[in-house]
Each structure stands twice: as structure tokens, then as C-alpha cells.
Amino acid sequence: MSLEENLNRVLDRYDELANLMASEQPPAAEDFAKLSREYAELSPVVEGISELRAAQAEMADLGELMADPDGDEEMKELAEAEFIDLKEKLPDLERRVQLLLLPKDEADSKNAILEVRAGTGGDEAALFAADLFRMYQRYAEARRWKFEIMGVSETGIGGFKEAVASIAGADVFSRLKYESGVHRVQRVPVTESGGRIHTSAATVAVMPEAEEVDVQVDEKDLRIDVFRASGPGGQSVNTTDSAVRITHLPTGIVVSQQDEKSQHKNKAKAMRVLRARLYEAERMARDAELAEARRSQVGSGDRSERIRTYNFPERRVTDHRINLTLHRLDAILNGELDEVVDALTAEDQARKLTEMTG
């Protein structure tokens with residue numbers, strides 16, 4: 001389908017929605033809400049199309065004025081200057097409309113569940129996992145998102161074997177979805193007296209936080225075990241069986257939660273993580289038929305994929321998916337992630353545009 005055909009299709013649908021909502025026999029409340037959402041989503045696209053078509057129409061008028069053999073020469077010069085100016089702006093207007101036409105990821109507007117796990121590298125990997133977790137926490141603070149720590153499994157020297165958080169705010173998942181994968185660090189460990197550079201890794205998973213309406217979880221599919229919470233080194237955190245382990249029997253997904261003193265609160269937190277994992281699994285399964293295309297895309301979400309290296313001796317961060325290298329390691333670990341996220345988003349959009357315009 002050509003761009004013009006796509007634009008006409010959007011405009012026709014927009015008019016159709018307006019007529020349906022304004023009809024003498026309006027649809028039922030649920031359907032009306034659905035139509036209103038679609039209408040609101042199409043509004044910025046229609047605005048972009050109007051701006052593009054207005055520019056195209058103005059260029060056509062200016063072209064006629066320039067070609068008029070009886071026209072005033074001074075007016076022709078002014079028209080030519082305006083024509084050139086509009087011609088330069090036109091590609092940007094077209095690109096904006098094309099970006100607005102790209103299929104939306106329904107999860108982009110959702111909050112997210114972040115999981116960071118130490119990988120290969122022992123104590124050093126756990127220390128790096130803690131660095132990454134704090135990096136995302138600082139990024140969330142800078143964007144005024146709510147960062148709620150849901151559970152941390154610490155090592156004795158300040159590292160994290162595993163850390164889970166929920167992040168809430170505007171466009172959380174759309175900004176963080178490219179972070180899933182293996183993050184690698186190259187540095188001299190604090191525990192290393194010989195000064196040799198070690199390589200270790202941590203795995204990051206970012207999943208859209210699912211509402212109950214997104215994922216139906218049947219109680220009979222769950223096995224819920226309660227046990228006594230324990231802290232680092234095995235000491236008991238409290239004396240009641242408040243920790244909760246939920247196993248989703250059909251998929252084998254297991255979620256444990258023990259940070260709260262209340263069994264009820266731990267269960268509620270564990271269910272949030274379980275829903276997110278099930279929702280993500282459904283998204284992955286739904287996209288399975290596009291596996292080859294997804295592998296070529298930024299943000300395929302493959303957790304076994306090495307996506308980024310943090311090199312401390314050279315103070316550089318390299319994202320391997322888009323061959324981006326920045327010599328700003330300290331700033332990035334301090335939460336200044338926008339440059340990386342913007343580059344990943346732009347690359348993903350460029351690839352989708354290429355596919356769409358083919």
C-alpha cells in the first residue's frame with residue numbers, strides 16, 4: 001500500500017469513528033469507550049496528515065504562480081523562496097507522518113517490571129548487577145518515574161544476586177524495552193589484588209507490567225507455598241511463615257517474594273511479577289512467527305543476547321546492536337541513559353520504516 005493510500009485509509013477511518021460516536025443511536029458504553037480511544041490515537045496522525053497536505057497544496061499554488069508567464073517578477077521571486085523553503089521541510093513532514101503510522105506496540109504505554117540478575121563472574125558479577133540496578137533507579141528518578149523495589153537478594157559485599165523493581169510513569173516500557181539482554185562489564189575487581197581486568201556479566205529483563213485484564217490467571221493453575229523468610233547468610237528475617245513462592249503449573253514459572261512481613265503483601269507482589277512474566281511470554285509467543293524479522297531488529301528482547309559492554313579502563317560503553325560507543329561510562333552508570341535509549345529507538349523506527357515503505 002502506497003503512503004497516499006495509507007493516509008486516505010486513516011482519514012476515512014477517522015471520519016467513520018466521528019460519525020459513529022455522533023450518531024443518533026450511539027454505541028453501548030463499552031464500545032463507545034473503545035471507539036473514543038481509537039479516535040484519540042488517530043487524532044495526532046490526522047493532524048500530521050493535514051499539515052503535510054497543506055504544505056503540498058501550498059507548494060502546488062506557488063508552482064503555478066512561478067510558472068505564470070504574465071506574473072509579477074518580484075512576486076515570482078518571493079514564491080520561489082517560499083517554494084524552496086517548503087520543499088526542504090517536506091521530507092521531515094512525510095517522515096513524521098510515517099512514524100505516526102507505524103504499528104503501535106500495545107505495551108509501550110505500560111509500566112514495567114525490571115529484573116536484574118548476576119550472571120557469570122561470581123562476586124564481581126553480583127557487584128555489577130547492583131551497579132546496573134542503581135543505574136536504572138537513577139534514570140527513573142531523573143524522569144520522575146516511581147521506582148518501587150520489590151525484592152533484592154544481596155551478597156555479603158554489597159552485590160545483588162537478583163533484584164526486582166516495578167517502575168511506573170509515562171512511557172516507561174517504551175523507554176526501557178531495549179534494555180533486556182546480557183550486559184557485560186570489563187574492569188579490575190575490587191577483590192582482585194593483581195590488578196587484572198576481569199569480564200563478568202549480568203542479565204536484565206524488562207517486562208510490561210500486566211493488568212488483571214491483560215492476563216487471566218486461574219487459581220487452580222497455581223501452587224502457593226509459604227515459608228520463613230531468610231536474609232543474607234541464612235539468618236531469619238522474621239519468625240513467621242510470611243515468604244511466598246508461587247508456581248504457575250502450566251508454564252513452570254516460579255516467583256518468590258519475601259521482602260514484606262505480611263504474607264498477603266508478599267503474595268500480591270509475587271502475583272504482579274507472575275502476571276508480567278506470563279504477559280511477556282504471551283507477547284513472545286505471538287511474535288514467534290516473526291522470529292527471523294525480530295532477530296534483525298533492535299529490542300528483540302532475547303535475554304541470551306549480549307547487548308552492551310561497559311569497559312571501565314577505557315571509560316566507554318558500547319551497544320553492540322547498533323555499534324554505538326560512548327566514552328561517558330560514569331554518566332551512563334549515574335542514570336544518564338537518554339542518549340543510548342534515543343539512539344536505539346531511532347534505529348528501531350528506521351528499520352520499521354524501511355519495512356513499511358519496502
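Which residues gather in a patch of negative charge on the surface? In this predicted model, the patch is formed by Glu-58, Asp-61, Glu-64 and Glu-82. A search of the whole structure also finds 27 salt bridges, a salt bridge being a side-chain nitrogen of Lys or Arg within 4 Å of a carboxyl oxygen of Asp or Glu.

Residues are numbered from 1 along each chain as its sequence is written, and side-chain values use heavy atoms, with hydrogens and water left out. Local features need pLDDT of at least 70 and side-chain atom pairs count only at pLDDT 80 or more, whereas totals for chains, interfaces and linings use all residues.

**Surface patches**

- Patches consist of residues with over 30% relative accessible area and no salt bridge; like charges are joined within 9 Å, and nonpolar side chains (Val, Leu, Ile, Met, Phe, Trp, Tyr) within 5 Å.
- Lys and Arg count as positive and Asp and Glu as negative, while His and the chain ends are not counted; the place of a charge is NZ of Lys, CZ of Arg, CG of Asp or CD of Glu.
- Helix α2 (residues 29-67) gives the most to the negative patch, with three residues. Helices (H or I, at least four residues) and strands (E, at least two) are DSSP runs, numbered from the N terminus.
- Asp-61 of the negative patch lies in helix α2. Asp-61 has a relative accessible area of 52% and is therefore exposed, where exposed means over 50%, buried under 20% and partly exposed in between (1.4 Å probe, protein chains only).
- A nonpolar patch on the surface is formed by Leu-65, Met-75 and Leu-78, which together have about 270 Å² of accessible area. Accessible areas come from the Shrake-Rupley method with a 1.4 Å probe, and for residues only the protein chains shown count as cover.
- Leu-78, a member of the nonpolar patch, is found in helix α3.

**Salt bridges**

- The side chains of Glu-51 and Arg-96 meet in a salt bridge, at 3.0 Å from N to O. Because Glu-51 lies in helix α2 and Arg-96 in helix α3 (residues 73-101), this pair ties together parts that are 45 residues apart in sequence.
- Glu-51 is partly exposed at a relative accessible area of 40%, and Arg-96 also counts as partly exposed, at 33%.
- Arg-351 and Glu-347 form a salt bridge through their side chains (3.1 Å, N to O). Both residues lie in helix α9 (residues 338-357), four residues apart, which is about one turn of the helix.
- Arg-351 has a relative accessible area of 27% and is partly exposed; Glu-347 counts as partly exposed at 27%.
- In the salt bridge between Arg-321 and Asp-319, the closest N and O atoms are 2.8 Å apart. Arg-321 and Asp-319 are both buried.
- A network of salt bridges links Glu-115, Arg-117, Glu-162 and Arg-277.

**Backbone geometry**

- Most residues other than glycine have a negative phi.
- Asp-171 has a positive phi, near 60 degrees, and is placed in the loop between β3 (160-168) and α5 (172-176). With 42% relative accessibility, Asp-171 counts as partly exposed.
- Asn-323 also has a positive phi, near 50 degrees, and lies in the loop between β10 (316-319) and β11 (324-326). Asn-323 is exposed, its relative accessible area being 68%.
- Helix α4 (residues 122-142) has 21 residues and should span 30 Å at 1.5 Å a residue; its end C-alpha atoms are 31 Å apart, which agrees. The expected span is 1.5 Å times one less than the number of residues in the helix.
- Just after α4, Arg-144 takes a positive phi of about 60 degrees.

**Contacts between sequence-separated residues**

- Leu-222 is found in strand β6 (residues 222-227) and counts as buried at 11% relative accessibility. Leu-222 and Thr-247 are 25 residues apart in sequence, and their C-alpha atoms are 5.6 Å apart in space.
- Gln-216 lies in the loop between β5 (198-208) and β6 and is exposed, with a relative accessible area of 68%. Gln-216 and Arg-275 are 59 residues apart in sequence, with a C-alpha to C-alpha distance of 8.5 Å.
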